[in-house]
Amino acid sequence: IADRQEGIGVCGWILVSLSFFLVLITFPISIWACIKVVREYERAVVFRLGRILSKKAKGPGMILVLPCTDTFIKVDLRTVTCKIPPQEILTRDAVTAHVDGVVNYRIHSAVSAVANVTDVHSATLLLAQTTLRNVLGTQSLAQLLAGREEIARSIQATLDSATEQWGVKVARVEIKDIRIPMAMQRAMAAEAEAAQEKKAKVVAAEGERNASKALQKASMVLAESPAGLPLRYLQTLTAVAAQNNSTIVFPLPINMFGSLGQKRTGG
């Protein structure tokens, strides 16, 4: 808004005086048409002969409006939540995606919102759509999926700087949903499955290596003590019999009887 200091002129003052005189001669009936109530969350921008009165908004409370020379526009200062329709985005790695989001903003300067833009809500929504496409077009699909918060903050900063002259403060931007083609979803699922299988095979191979080292150490211990292997064999049979209540038939090595016979003969 241009900071012009000139007044309404002589003709303007004459019209304003006539308007006051009309209010006085029709009082108290005219007072009901002159007094307007502005709510706590609203501000009224009053125009007198086409100029913004006092260069600032009025309210909250009661304001006086002359019936012939004054007009006013109420502006809601509450936070507005608008949904960004799904936008078709071509990412940096040439992948098509449909992205939608949510923008929260509020008007902090009622005069700028009225005087600097035709429809502040429509302009903010259209600018949010354009900014969303421009920012996401510089990101790859992996960055888009992994860095939603950083991208949302970048969009918010861009919107906030662009809408400052409209008297709009962008409070928050959220990327709501990202939809990619079904073929790309299947390809990403196959890639993720392959990565999981790779990890599983690596873990299994690591387990086999550790098991082989443990078996090697166990075989060295059993080789030092010949009687250890039959004892281990009997211990395994005991464990199997404890888990499954059944009759187990197992072969008994003949050399065990031979060793026992030798011990009795020697005794």
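Lys74 is partly exposed in this predicted model, with a relative accessible area of 38%. Its salt-bridge partner is Glu42, and the closest N and O atoms of the two side chains are 4.0 Å apart. The pair ties together distant parts of the chain, since Lys74 sits in strand β5 (residues 70-76) and Glu42 in strand β2 (residues 42-48), 32 residues apart. Glu42 has a relative accessibility of 10% and therefore counts as buried, the limit being under 20%. Side chains of opposite charge can pair when their charged atoms come close. Salt bridges with shared partners also bring in Arg39, which joins Glu42 and Lys74 in one network.

At the end of β5, another charged pair can be found. Asp76, which falls within the residue range 70-76 of β5, forms a salt bridge with Arg78, with closest N and O atoms 2.8 Å apart. Asp76 is partly exposed at a relative accessible area of 29%, and Arg78 is partly exposed as well, at 45%.

A further salt bridge lies within a helix. Glu150 and Arg153 meet through their side chains at 3.9 Å, N to O. Both residues lie in helix α6 (residues 148-163), and their spacing of 3 residues is about one turn of the helix. Glu150 has a relative accessible area of 47% and Arg153 one of 48%, so each is classed as partly exposed. Over the whole structure, the search finds 9 salt bridges, including those of Lys74 with Glu42, Arg78 with Asp76 and Glu150 with Arg153.

Val10, Ile14, Leu15, Leu18 and Leu49 make a nonpolar patch of about 460 Å². Leu18 belongs to helix α1 (residues 9-25). Its relative accessible area is 51%, so Leu18 is classed as exposed, for which the limit is over 50%.

Part of this region also carries an annotation. UniProt, in an unreviewed entry, places a "transmembrane region" at residues 12-35. In the model, the chain over residues 12-35 is 75% helix and 4% strand, and the C-alpha atoms at its ends are 21 Å apart.

The chain as a whole gives the setting for these details. It contains 9 helices and 8 strands. Among contacts with a separation of 6 or more, 68% are between residues 24 or more positions apart. The accessible surface of the chain comes to about 18000 Å², and carbon and sulfur atoms account for 60% of that area.

Note on methods:
Residues numbered from 1 in each chain as written. Predicted model: local features only at pLDDT ≥ 70, side-chain atom pairs only at ≥ 80, totals over all residues. Heavy atoms only, no water. UniProt positions renumbered as here; feature names shortened; annotations may be inferred. Helix = DSSP H or I, 4+ residues; strand = E, 2+ residues; numbered from the N terminus. Patch = residues over 30% accessible without salt bridge, like charges linked within 9 Å, V, L, I, M, F, W, Y side chains within 5 Å. Areas by Shrake-Rupley, 256 points an atom, 1.4 Å probe, with all protein chains shown as cover. Buried < 20%, exposed > 50% of the residue type's maximum accessible area, 1.4 Å probe, protein only. Contact = heavy atoms within 4.5 Å.
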